[in-house]
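Subject: Structure for you to look at

Hello,

Here is the structure I said I would pass on. My notes on it follow below.

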Amino acid sequence: MRVKLWGTRGSIPAPGPETVRYGGNTSCVGVELEDGSLLALDAGSGIRTLGLTLAEEPARLHILLTHLHLDHIMGLVFFAPAFRSQTELVIWGPASPEASLRDRIARYISAPLSPVEVRELPCDVSFRHCPETEWEIGSARIRAASVTHRGPTLGYRIDEGESSLTYIPDHEPALGADLDRLDEDWISGFALARETSLLIHDGQYADPEYPAHLGWGHSATSHALSFARRTGARRTVLFHHDPLHSDEFLDGLGERVRADWVALGGEEGAIELGAERTEYELPCQLAGSLARA
Amino acid sequence: MSQKPLELILARNLMSALSTPAFLVDEGGVLVFYNEAAGLLLGKQFEELGTVGAEEWGALFGPFDGSGEPIPYDELPLVTAVRSGRPAHAELTIRSTDGSDHAVEASAFPILTAHGSQGAIAVFWPQAENGTGAAA
């Protein structure tokens, strides 16, 4: 399994000279499975650049949406393969008692917010509610589960052979809970992340910022570290950076996070802040697997 | 251990922050949590007791009706809520582990989700002076 971060920012794109290293695009992670199947986790603005790298030939692509907040779907109408008739696009997402996944997404892909309607997309697009049970895409087994955030929100686990990727970009598991004391079955998202090879997890706020954002659906870095430690994730990437956090700020935050992780007994080098276009090959080695395209 | 449904996790987190006594059962009626305020009422904190199976937890704390008769498990508000998917209310007496009785009003409501019932919550208040003690 090959994993590439195409957008690591949360809330809203934050382009500019102060965010060039960690990136300004919102949530999108590309996953290439051993059998060649292609998945995109979320469709934030980062999916635009992912789309530009895909060849113009018949393809079946899966987009797994965690939820429908704008920063996770805004790239859909700029995803080049969606405008090719030879593309089969399968969009997975959370069910809601309010309306179907297609109808909820169509609120964005329709006038006046969009120049095109869902029915006008040239590709063969289908929308599927994620099942409660595990299912298969290509050579991988996929599991989705509801996690603590605002509105219906999923986390995903992708298992392929001995490798696993867990993606929970918007998550506040410590809301009203002490992650260090709770039994593991009472921790939101625990089963998705248990001993995963690579955990991509919300780390939007530095600890001093969190009290002013309590209940907004995101984690302080110390909460993300506690979650990673409790679940036994082998490698963790903090994700969904706050749009106000510059490269310089994130460099400093990353240093503190790494020190805190080691102080918790974590393995050195097993935690980092996600940077756009970083690639991971799973199963990953702690040293030397990092590459920037 | 299996992962608890998110709705139960959120309910527990909320209950943990409340000073109102509250009970939480899962979809099978198993008592999976009660908060510190409920622990004070019952004379034993949840951490000391742990989860208690359906049909068993009712007998631990009474409960009794206004005549001092035990209320059948099937008629407890929490059981009604989790089984029927409807809210229920009753006045009842809970017996603490120290032998003291507490007349309370209990309101229970089901936790219904897109995937069906995940359990129910009951909250307790001290019974009003003119309470009848009749179980709903």
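Among contacts in chain B between residues at least 6 apart in sequence, what percentage join residues at least 24 apart? The figure is 51%. Please keep in mind that this is a predicted model.

Chain B as a whole

Chain B has five helices and five strands. Read from the N terminus, its elements follow the order α-β-β-α-α-α-α-β-β-β. The radius of gyration of chain B is 14 Å, close to the 14 Å that the globule rule gives for 136 residues, so chain B is as compact as a globular protein of that length. Along the principal axes, its C-alpha atoms fill a box of roughly 40 × 30 × 25 Å. Of the 136 residues, 39% count as buried.

Helix H5 of chain B

Helix H5 of chain B spans residues 77-84, and six of its eight residues are buried, so the helix is largely enclosed by the rest of the structure. The buried residues are B:Pro77, B:Leu78, B:Val79, B:Thr80, B:Ala81 and B:Val82. Their cover includes strands S1 (22-26), S3 (88-95), S4 (101-113) and S5 (116-126) of chain B. Just after the helix, B:Gly85 takes a positive phi of about 70°.

The contact between the chains

Chain B gives 14 residues to the contact and chain A gives 16 residues. On the side of chain B that touches chain A, seven residues are nonpolar, five are polar and two are charged.

Strand S12 of chain A

In strand S12 of chain A (residues 236-239), A:Thr236 and A:Leu238 point one way, while A:Val237 and A:Phe239 point the other way; all are buried. In a regular strand the side chains alternate between the two faces of the sheet. Strand S11 (residues 198-202) of chain A pairs with S12(A) in the parallel sense over four bridges, and A:Phe239 is the bridge partner of A:Asp202. Between S11(A) and S12(A) the chain passes through helix H5 (residues 221-231) of chain A, in a right-handed β-α-β crossover. S12(A) also pairs in the parallel sense with strand S13 (residues 271-273) of chain A, over three bridges, where A:Leu238 stands opposite A:Leu273. With helix H6 (residues 247-263) of chain A, S12(A) and S13(A) make a right-handed β-α-β unit.

A buried loop residue in chain A

A:Leu282 sits in the loop between strands S14 (278-281) and S15 (291-292) of chain A. A:Leu282 has 22 other C-beta atoms within 10 Å and is therefore buried. Leaving out residues up to four places away in sequence, A:Leu282 touches A:Met1, A:Val3, A:Ser163, A:Leu165, A:Ser197 and A:Leu198.

Backbone points to check

Most residues other than glycine have a negative phi, and most peptide bonds are trans. A cis peptide bond joins A:Ala111 and A:Pro112, with omega about 0°; A:Pro112 is in the loop between helix H3 (101-106) and strand S6 (124-129) of chain A. Another cis peptide bond joins B:Gly62 and B:Pro63, with omega about -25°. B:Pro63 lies in the loop between helix H4 (57-60) and H5 of chain B.

A:Glu195 is not a glycine, yet has a positive phi of about 50°. With 11 C-beta neighbours inside 10 Å, A:Glu195 counts as exposed. B:Glu55, also not a glycine, has a positive phi of about 75°, and is exposed, with 12 other C-beta atoms within 10 Å.

Regards

Technical notes. Residues numbered from 1 in each chain as written. Chains lettered and ligands numbered in written order. Predicted model: local features only at pLDDT ≥ 70, side-chain atom pairs only at ≥ 80, totals over all residues. Buried ≥ 20, exposed ≤ 12 C-beta atoms within 10 Å, placed from the backbone. Helix = DSSP H or I, 4+ residues; strand = E, 2+ residues; numbered from the N terminus. Contact = placed C-beta atoms within 7 Å. Nonpolar A, V, L, I, M, F, W, Y, C, P; charged D, E, K, R; others polar. Rg over C-alpha atoms; globule rule 2.2 N^0.38 Å. Pairing = 2+ DSSP bridges. Right-handed = clockwise from strand over helix to strand, strands pointing away.
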